[in-house]
Amino acid sequence: MRILYVEDEKFLADAVIHVLDKNGIAVEWVADGEDGLELALKPIYDAIVLDVMLPKMSGFDILRRVREKGVKTPIIMLSALSQAEDKIRGLDYGADDYLAKPFKTAELVARLRALARRPVLQDEKLLCFGDLYYDLENRSLNDIPLTEKEALLMETLLRNPDRAQNKDYLLHHIWGSDNFGDGNYVEVYISYLRKKLQKLKSSVEIKTIRNLGYKLVNKAE
Ligand code: CA
């Protein structure tokens with residue numbers, strides 16, 4: 001499990017990260033709202049823990065912007081203002097849970113585990129797998145633009161993460177029936193995509209399954 005934690009109080013962050021780490025939860029920590037928003041927009045985390053009072057941009061503003069962009073990563077809000085109003089506001093903006101400060105870290109771990117058990121269905125604008133997110137509108141992979149054929153190939157692999165995609169099927173599906181039999185196209189474009197995955201330092205690779213085709217595999221799992 002991998003989470004984003006946006007918190008400006010360093011001593012608190014250190015203590016929380018220590019306990020989460022012991023529970024096998026990897027944490028990416030940032031201390032201000034702007035950095036928090038930038039990372040929160042990447043749908044690569046299993047959950048986001050978001051403080052409300054932050055420098056540069058509040059947790060509520062981050063939450064609102066993230067949901068507007070269609071990113072549906074589960075979010076737990078943390079607030080020292082333990083007023084009912086704050087809680088309602090957070091839930092209205094699309095937070096999944098709310099924890100009043102001070103809280104017991106064990107409680108946070110339990111809530112994160114509960115959220116992680118729910119499947120995250122990101123917006124239909126995005127296809128996600130491992131640390132990859134593909135934007136269907138811009139045809140970009142983790143914000144890197146793909147060419148038309150690369151995009152179609154990546155999209156097919158992302159839509160079928162559990163099944164190997166047969167080379168002939170990919171050729172027919174992406175290049176059309178005129179090119180039937182020339183599997184080189186597929187091999188060449190698979191190699192282009194592999195280079196892009198390497199460039200992104202992604203934990204995902206395209207595996208060749210003998211006699212079956214190609215499949216995405218997440219090495220981080
Ligand atoms: Ca704060």
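**Exercise 1. The core**

Of the 24 residues in the largest nonpolar core, which touch the most other members?

*Solution.* Before starting, note that this is a predicted model, where local features need pLDDT of at least 70 and side-chain atom pairs count only at pLDDT 80 or more, while totals for chains, interfaces and linings use all residues. Residues are numbered from 1 along each chain as its sequence is written, and side-chain values use heavy atoms, with hydrogens and water left out.

Step 1: learn the terms. A nonpolar core is a set of buried Ala, Val, Leu, Ile, Met, Phe, Trp, Tyr and Cys residues joined through side-chain atoms within 4.5 Å. Buried means under 20% relative accessible area, exposed means over 50%, and partly exposed is in between (1.4 Å probe, protein chains only).

Step 2: name the residues. Leu4, Val6, Leu50, Ile62, Val66, Ile75 and Met77 touch the most other members of this core.

Step 3: find the elements. Two or more residues each come from strand 1 (2-6), helix 2 (33-40), strand 3 (47-51), helix 3 (59-68) and strand 4 (75-79). Helix 3 contributes the most, with four residues. Here, helices (H or I, at least four residues) and strands (E, at least two) are DSSP runs, numbered from the N terminus.

Step 4: look for another core. Apart from this one lies a core of 23 residues, including Leu141, Leu146, Leu153 and Ile206. As background, nonpolar side chains tend to be buried together in soluble globular proteins.

**Exercise 2. The contacts of Leu4**

List the residues in contact with Leu4, leaving aside its neighbours within four places in sequence.

*Solution.* Use the rule that contact means heavy atoms within 4.5 Å. With those neighbours left aside, the partners of Leu4 are Glu28, Val30, Gly36, Leu39, Ala40, Tyr45, Ala47, Ile48 and Val49.

**Exercise 3. An aromatic pair**

How many aromatic pairs does a search of the whole structure find, and what are the centre-to-centre distance and plane angle for Trp175 and Tyr185?

*Solution.* Step 1: set the rule. Rings of Phe, Tyr and Trp (its six-membered ring) pair if their centres lie within 6.5 Å; planes under 30 degrees apart count as stacked, over 60 as edge-to-face and the rest as tilted.

Step 1: count and classify. The search finds four aromatic pairs. Trp175 and Tyr185 are stacked, at 5.6 Å centre to centre with 15° between the planes.

Step 2: locate the rings. Trp175 belongs to helix 7 (residues 167-175) and Tyr185 to helix 8 (residues 184-199), so this pair ties together parts that are 10 residues apart in sequence. Trp175 is buried at 13%, but Tyr185 is partly exposed at 32%.

Step 3: widen the view. Trp175, Tyr185, Tyr189 and Tyr192 form one aromatic cluster.

**Exercise 4. Backbone exceptions**

Which peptide bond is described by an omega near -5°, and what is phi of Arg139 and of Asn211?

*Solution.* Step 1: recall the background. Most residues other than glycine have a negative phi, and most peptide bonds are trans.

Step 1: check the bond. The peptide bond from Lys101 to Pro102 is cis, with omega near -5°. Pro102 lies in the loop between strand 5 and helix 5 (105-116).

Step 2: check phi. Arg139 has a positive phi, near 50°, and sits in the loop between strand 7 (132-135) and strand 8 (140-141). Asn211 has a positive phi near 65°, in the loop between strand 10 (204-209) and strand 11 (213-218).

Step 3: Arg139 is partly exposed at 32%, and Asn211 is exposed at 76%.
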